[in-house]
Amino acid sequence: MSLPPPGPDRTALVTGASSGIGACIARDLARRGHGLVLVARSADRLDALARELGSGGLRVEVLVTDLSDRRARADLPGSVADLGLTVDILVNNAGYSTLGPVARSDPEDEMSMIEVDVTAVAELCSRFLPGMVARHRGAVLNVASTAAFQPLPGQASYGAAKAFVLSYTESLGGELRGTGVTATVLCPGPVDTGFGERAGFAKEDAMASLPAFLWLSAADVARAGVDGMDNGTVVVIPGAGNRVGAMVGRLTPHRLLVPMLAKGHPGLRD
Ligand SMILES: NC(=O)c1ccc[n+]([C@@H]2O[C@H](COP(=O)([O-])OP(=O)(O)OC[C@H]3O[C@@H](n4cnc5c(N)ncnc54)[C@H](OP(=O)(O)O)[C@@H]3O)[C@@H](O)[C@H]2O)c1
């Protein structure tokens, strides 16, 4: 199973393309000749990336969208159709984490995060997959995390959100067998992007709590995800250390693991 071939009226829609892993996924797809629709809120960053990737003649469009806004999400398929484009590749990468105990959380921020990390993933799959299946052609890449493999006190909603993305995408993989459409879930370990800062981690805390061998570059993680789509792999965990960590997270009894994770998490320090 390989990625659908690029074409002038075909596109890859990448959410969260304004920075980090999403920008690298967009660059990787562009290198492979795929036209792009870049989605996020930061218009200036998306425009700069569109200029960079479109300089060789590739068609790169920008749709500035707040994925926490239900109406804005629902408008996306119509906006793509108005451009005369068909989405053959859907990359649900946009996401962020809140930090700290739920008992001290901001309810608005928690709900907004779940809208972006969970609801937008399910909504865009639900809106774009019917066309892909009807055309017998398509690939979906959803970005989860190694946080998906065990509960994560200190980032409880984030861990649960990524567990949703992992389970949902594995189910999609089962449903889509034989349709010509594939579903892949990318589960990165730590990557030095704007993610940690946005969540409120001090860089030294993040680096100290996760050993150096787990950290990979955004470009390497993006390449692993796009290669995974190209190979029809369902679950992609970049890096041997992260694959071992995911297995430990899955197999260790959670009643033993969760207290240890709670003790070491920087977001739970007073
Ligand atoms: N970095 C890590 O250590 C790590 C590890 C595992 C998994 N991940 C996952 O990888 C994905 C990409 O993260 P990253 O590390 O590349 O972080 P990043 O550099 O902070 O990128 C996050 C992207 O999500 C977009 N986004 C956030 N809120 C949005 C909203 N309301 N509407 C539309 N777009 C929104 C941001 O764009 P705007 O701000 O312009 O809207 C940005 O493009 C996320 O799903 C994250 O959970 C990251």
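Helices (H or I, at least four residues) and strands (E, at least two) are DSSP runs, numbered from the N terminus. The model here is predicted: local features need pLDDT of at least 70, side-chain atom pairs count only at pLDDT 80 or more, and totals for chains, interfaces and linings use all residues. Residues are numbered from 1 along each chain as its sequence is written, and side-chain values use heavy atoms, leaving out hydrogens and water.

Let's begin with the salt bridges, each a side-chain nitrogen of Lys or Arg within 4 Å of a carboxyl oxygen of Asp or Glu. The structure holds 16 salt bridges, including these:

| Aspartate 28 | Arginine 31 | 3.5 Å |

In helix 4, arginine 127 and glutamate 123 sit four residues apart, about one turn of the helix.

For accessibility, buried means under 20% relative accessible area, exposed over 50%, and partly exposed in between (1.4 Å probe, protein chains only). Aspartate 28 is buried at 3%, whereas arginine 31 is exposed at 64%. Glutamate 123 is buried at 12%, while arginine 127 is partly exposed at 41%.

Now for lysine 162, which is placed in helix 5 (residues 156-176). Lysine 162 is buried but has no salt bridge; aspartate 117, the nearest side chain of opposite charge, is 4.6 Å away. A polar atom of the lysine 162 side chain lies 3.0 Å from the backbone oxygen of valine 143.

Technical notes
Lys, Arg positive; Asp, Glu negative; His and termini not counted. Polar contact = N/O pair within 3.5 Å; in protein donor to acceptor, adjacent residues only side chain to side chain.
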